[in-house]
Amino acid sequence: MKKILVIFLLLFTNLSFAIQAQKFLAIEDDDTITFEFGRVEPKNSTPQKLQNIETIYYGNNTQLTWDSNIDDFVIDEYFVNNKYDDDKLEVVLNSIQNKEWVYLPTKLKNNELTKGDIAFLYILNLKHIGASSCLKMHFDVLSESKRYADGLLDYLENNRIDVQNKMRVCLNNNGYLKSKMYAVLNPLPSFTD
């Protein structure tokens, strides 16, 4: 009998320590009370997402805001109005080669986004501008965000100058950058890599 009592006491003490180590919250529904152990959110609260929203500044009063929670742009006045100003659109287009990290997590590529990545994705959001039609390549597998194709930013990472030139031609052919005529030249190789 003593052995059973000792075992019972040991089990009860271990169980009480385990219960004390966890937070608990009593939730009352009508006549019943239930206890939930572990991290518990009150019924009327929503889990907080980390605010991974960053405004990226490009110059000439050109900026874009990126929300890495959804891997897409925050639609604000700059997002809407940049496409109507040829100078701002030119700044975004020239930023495709910018490899400066913006330190935001993403599911679109293995490492963090760069200013050039975001500039490229902005141009793809313009009407009549698509990755397949402008780059003359087919990207058919959509990423987790279901907005941008898998491998698109990896392709950009390895071909920034070529992508920038093709996007310039595509923008001109679709009526963007209409106030300026641009010649697409074969640029000198970059020595920064």
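Trainee: How many disulfides does a search of the whole structure find?
Mentor: One disulfide turns up, a disulfide being a pair of cysteine sulfur atoms within 2.5 Å. Before we go on: this is a predicted model, where local features need pLDDT of at least 70, side-chain atom pairs count only at pLDDT 80 or more, and totals for chains, interfaces and linings use all residues. Residues are numbered from 1 along each chain as its sequence is written, and side-chain values use heavy atoms, with hydrogens and water left out.

Trainee: Okay, which cysteines form the disulfide?
Mentor: Cys134 and Cys170, with their sulfur atoms 1.9 Å apart. The pair links distant parts of the chain, 36 residues apart: Cys134 is in helix 5 (residues 131-135) and Cys170 is in helix 7 (residues 160-173). Helices here are DSSP runs of H or I with at least four residues, strands are runs of E with at least two, and both are numbered from the N terminus.

Trainee: And is the disulfide of Cys134 and Cys170 left-handed or right-handed?
Mentor: The torsion about the S-S bond is about -55°, so the disulfide is left-handed.

Trainee: Are Cys134 and Cys170 buried or exposed?
Mentor: Both Cys134 and Cys170 are buried. Buried means under 20% relative accessible area, exposed means over 50%, and partly exposed is in between, using a 1.4 Å probe and protein chains only.

Trainee: Let me zoom out. What does the secondary structure of the chain come to?
Mentor: Seven helices and five strands. Along the sequence the pattern runs α-β-β-β-β-β-α-α-α-α-α-α.

Trainee: How much of the chain do buried residues make up?
Mentor: They make up 34% of its 193 residues. The accessible surface comes to about 13,100 Å², with 56% of that belonging to carbon and sulfur atoms; the areas come from the Shrake-Rupley method with a 1.4 Å probe, and for residues only the protein chains shown count as cover.

Trainee: What about contacts along the sequence, how many join residues at least 24 apart?
Mentor: Among contacts between residues at least 6 apart in sequence, 52% do. Contact means heavy atoms within 4.5 Å.

Trainee: How many residues of helix 4 are buried?
Mentor: In helix 4 (residues 115-124), 10 of its 10 residues are buried. Among them are Lys115, Asp117, Phe120 and Tyr122.

Trainee: Switching to charges, how many salt bridges does the structure hold?
Mentor: Eight. A salt bridge is a side-chain nitrogen of Lys or Arg within 4 Å of a carboxyl oxygen of Asp or Glu.

Trainee: What does Asp72 form a salt bridge with?
Mentor: Arg147, and the closest N and O atoms are 2.8 Å apart. Asp72 lies in strand 5 and Arg147 in the loop between helix 5 and helix 6, so the pair ties together parts that are 75 residues apart in sequence. Asp72 counts as buried at 14% relative accessibility, whereas Arg147 is partly exposed at 44%.

Trainee: And which residue does Glu90 pair with?
Mentor: Glu90 forms a salt bridge with Arg168, the closest N and O atoms being 3.0 Å apart. Glu90 is in helix 3 (residues 86-94) and Arg168 in helix 7, so this pair ties together parts 78 residues apart in sequence. Glu90 is buried at 11% relative accessible area, and Arg168 counts as buried at 9%.

Trainee: Which residues are linked in a network of salt bridges?
Mentor: Lys109, Asp117, Glu157 and Arg160. Within it, the side chains of Glu157 and Lys109 meet at 3.0 Å, N to O. Those two are 48 residues apart, with Glu157 in helix 6 and Lys109 in the loop between helix 3 and helix 4.

Trainee: Backbone next. What is phi of Asp71?
Mentor: Near 50°, a positive value in a residue other than glycine. Most residues other than glycine have a negative phi. Asp71 lies in the loop between strand 4 (62-67) and strand 5 (72-73), and Asp71 is buried, with a relative accessible area of 4%.

Trainee: What about phi of Lys136?
Mentor: Phi of Lys136 is near 60°, also a positive value. Lys136 sits in the loop between helix 5 and helix 6 (152-158) and is exposed, with a relative accessible area of 69%.
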